[in-house]
Amino acid sequence: MKNSKKILKILLPSILCAVVIYITDMSIEYYPLSFGLIIGFVNWNFHKYKPLIGVSLSVLASYISFSIAYFSLGIFGYTRDMILANTDYAISDDLIGTLAFIISTSVIAPLLVFYLYRFIFTIQKTTFSKVIILISIVLLGLIQYGASVFYETFNSYLLWQVIMALAIQLLINQKINKKVL
């Protein structure tokens, strides 16, 4: 029974993120808000600061990483234009756009989230944390690639939140994970 509660505590944010996005059908601009609130409230007692400040910082970190990743698409667009203008190679415009999208959503955004959440929660730098971060980035990359190939077959942003919420929970609760495993 104790292990069930610990496992539920780790899975709860992922479940809540999926349910909120699926039920509300909210616009993408509100995804960082729901993500930050869910992570902040579920981990109420794990903040480095007072809980209410921690929840606010969680929302802020979520929006910062979302904004930087979103604007990095513009930087990639500019870079794409420069590459296409200065080369004779037959590089597909779609390929560069897909790569930019995958890098922004699957590498830049998650790394920023992991980095910024270290200021809000105590996250130990261990081999386990490095493995979780690497697995998350690989999974997100595969999902975003799948989304670019299959288009609207599934909501890749919903899956992004599920994976990231699970990863953050695993990192925050490393001590619990060792006891459960």
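Which residues is Ser65 in contact with, leaving aside its neighbours within four places in sequence? The points below take this up, together with the helix packing and the core.

1. Basis of the model. This is a predicted model, in which local features need pLDDT of at least 70 and side-chain atom pairs count only at pLDDT 80 or more, while totals for chains, interfaces and linings use all residues. Residues are numbered from 1 along each chain as its sequence is written, and side-chain values use heavy atoms, with hydrogens and water left out.

2. Ser65. Leaving aside its neighbours within four places in sequence, Ser65 is in contact with Ala109, Leu112, Val113 and Leu116; contact means heavy atoms within 4.5 Å. Ser65 lies in helix H3. Its relative accessibility is 2%, so Ser65 counts as buried. Here buried means under 20% relative accessible area, exposed over 50%, and partly exposed in between, with a 1.4 Å probe and protein chains only.

3. Overall fold. The secondary structure of the protein chain comes to seven helices and zero strands, and along the sequence the pattern reads α-α-α-α-α-α-α. Helices (H or I, at least four residues) and strands (E, at least two) are DSSP runs, numbered from the N terminus. Of the 181 residues of the protein chain, 40% count as buried. Among contacts between residues at least 6 apart in sequence, 77% join residues at least 24 apart.

4. H2 against H6. Helix H2 (residues 31-42) and helix H6 (residues 156-172) pack at an angle of about 25°, and their axes are 11 Å apart. That angle makes H2 roughly parallel to H6. Axes are lines fitted to C-alpha atoms, for helices over the stretch in contact, and angles run from 0 to 180 degrees between N-to-C directions. Angles under 35 degrees count as roughly parallel, over 145 as roughly antiparallel, 65 to 115 as roughly perpendicular and the rest as oblique. H2 passes H6 in a right-handed crossing; a crossing is right-handed if the near helix is turned clockwise from the far one by less than a right angle, and left-handed if anticlockwise. From H2, Tyr31, Pro32, Ser34, Phe35, Ile39 and Val42 meet Tyr157, Gln161, Met164, Ala165, Ile168 and Gln169 of H6. By class, the residues of this contact divide into nine nonpolar, three polar and no charged. Ala, Val, Leu, Ile, Met, Phe, Trp, Tyr, Cys and Pro count as nonpolar, Asp, Glu, Lys and Arg as charged, and the others, Gly among them, as polar.

5. H1 against H2. H1 and H2 pack at an angle of about 155°, with 10 Å between their axes. The two helices are therefore roughly antiparallel to each other, and their crossing is right-handed. H1 contributes Lys9, Leu12, Pro13, Leu16, Cys17, Val20 and Ile21 to the contact, and H2 contributes Tyr31, Ser34, Phe35, Ile38, Ile39 and Val42. The contact of H1 with H2 has eleven nonpolar, one polar and one charged residues.

6. Lys9. Lys9 is found in helix H1 and is partly exposed, with a relative accessible area of 25%. Lys9 and Asn43 are 34 residues apart in sequence, and their C-alpha atoms are 9.0 Å apart in space.

7. The nonpolar core. The largest nonpolar core has 30 residues, of which Phe35, Tyr117 and Ile168 touch the most other members. Such a core is a set of buried Ala, Val, Leu, Ile, Met, Phe, Trp, Tyr and Cys residues joined through side-chain atoms within 4.5 Å. Helix H1 (2-24), H2, helix H3 (51-86), helix H4 (93-117), helix H5 (127-150) and H6 each supply at least two residues of this core. The largest share, nine residues, comes from H6. Leaving aside neighbours within four places in sequence, Phe35 is in contact with Cys17, Ser62, Val113, Tyr117, Gln161, Met164, Ala165 and Ile168.

8. Gln144 lies in helix H5 and, at 0% relative accessibility, counts as buried. Not counting residues up to four places away in sequence, Gln144 touches Phe101, Ile102, Thr105, Ser106, Ser156 and Trp160. Leu99 lies in helix H4 and counts as partly exposed at 44% relative accessibility. The C-alpha atoms of Leu99 and Tyr145 are separated by 8.5 Å, with the two residues 46 apart along the chain.

9. Asp25. Asp25 lies in the loop between H1 and H2. Although it is not a glycine, Asp25 has a positive phi of about 50°. At 68% relative accessibility, Asp25 counts as exposed.
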